[in-house]
Amino acid sequence: PEDARRVRGEVQATMAGESSFERNYRILLPNGEVHWIASRGRIERDVNGKLAYMHGVSFDVTELREADAMFRAALEAAPNAIFLVDEEGAIRLVNARACMMFGYTFTELEALKLDALVPDWRHRPDLRRRDTPTPMVERRVLRRETHALPRTSTPVPVEVDVRPLKEGLLLVSVSDISERLGAERESAQQR
């Protein structure tokens, strides 16, 4: 509906001189539902450079976009700082809580390695030779208490929970445990 003008302009630009296209847009079905479409293709031109053929495919990606929206809503609702990191510790995805806890923007965090924020966030498999198989103990959830380094304050005690995912990705949850430790100290003093 609102995408019609933009898509028309993109199609005209593609026909005028581009060799391939990729676009996402919404369509309005007769029953009033809005669906998302992803289209990709290529352009063939004759010897004079004039448009001869447009080949392509279009897919209804509505369910994929809805699933992505639900995932992002769950990620943002998490009470902890959540990081998706690769095997090298490079941050691939963060939630808003991570930005608040560490004092960085999404873009700034995604340019860092997790070691810059939580130096002791995991066992150091990066120090092991690459051809050595990963021990079973590292394939399970790793939880530890350590310290995080927010941008604007002193180190903060945190609990780090690391869960391995597919394709070498790790889901890392970081929770500030300052209040819990304070309550434990207070309770111990009262005994």
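## Charges, contacts and patches

Let's start with Asp-60, which counts as partly exposed at 46% relative accessibility. Here, buried means under 20% relative accessible area, exposed means over 50%, and partly exposed lies in between (1.4 Å probe, protein chains only). This is a predicted model, in which local features need pLDDT of at least 70 and side-chain atom pairs count only at pLDDT 80 or more, while totals for chains, interfaces and linings use all residues. Residues are numbered from 1 along each chain as its sequence is written, and side-chain values use heavy atoms, with hydrogens and water left out.

**Surface patches**

- Asp-60 belongs to strand β3, which covers residues 51-60; strands are DSSP runs of E with at least two residues, helices are runs of H or I with at least four, and both are numbered from the N terminus.
- Together with Glu-33, Glu-63 and Glu-66, Asp-60 forms a negative surface patch.
- Patch residues have over 30% relative accessible area and no salt bridge, with like charges joined within 9 Å and nonpolar side chains (Val, Leu, Ile, Met, Phe, Trp, Tyr) within 5 Å.
- For charges, Lys and Arg count as positive and Asp and Glu as negative, while His and the chain ends are not counted; the place of a charge is NZ of Lys, CZ of Arg, CG of Asp or CD of Glu.
- Met-15, Leu-51 and Met-54 make a nonpolar surface patch of about 230 Å², an area that comes from the Shrake-Rupley method with a 1.4 Å probe; for residues, only the protein chains shown count as cover.
- Met-15 sits in helix α1 and is partly exposed, with 36% relative accessibility.

- In strand β7 (residues 156-164) you will find Asp-161, a buried residue at 10% relative accessibility.
- The side chain of Asp-161 makes a polar contact of 2.9 Å with that of Arg-163.

**Salt bridges**

- Side chains of opposite charge can pair when their charged atoms come close.
- The whole structure has 14 salt bridges, each being a side-chain nitrogen of Lys or Arg within 4 Å of a carboxyl oxygen of Asp or Glu.
- One of them joins Glu-2 and Arg-26, at 3.4 Å from N to O.
- Glu-2 lies in the segment before α1 and Arg-26 in strand β1 (residues 20-28), so this pair ties together parts that are 24 residues apart in sequence.
- Glu-2 is exposed at 59% relative accessibility, whereas Arg-26 is partly exposed at 25%.
- Arg-26 also meets Asp-3 in a salt bridge, 2.7 Å from N to O.
- That pair links distant parts of the chain, 23 residues apart, with Asp-3 in the segment before α1; Asp-3 is buried at 8% relative accessibility.
- Arg-180 and Glu-184 form a salt bridge whose closest N and O atoms are 3.2 Å apart.
- Both Arg-180 and Glu-184 lie in helix α5 (residues 178-190), 4 residues apart, or about one turn of the helix.
- Arg-180 is partly exposed at 32% relative accessibility, and Glu-184 is partly exposed at 42%.
- Finally, salt bridges that share partners join Glu-2, Asp-3, Arg-6, Glu-10, Arg-23 and Arg-26 into one network.

Note on methods:
A polar contact is a pair of N or O atoms within 3.5 Å; within protein, one must be able to donate a hydrogen and the other to accept it, and residues adjacent in sequence count only if both atoms are side-chain atoms.
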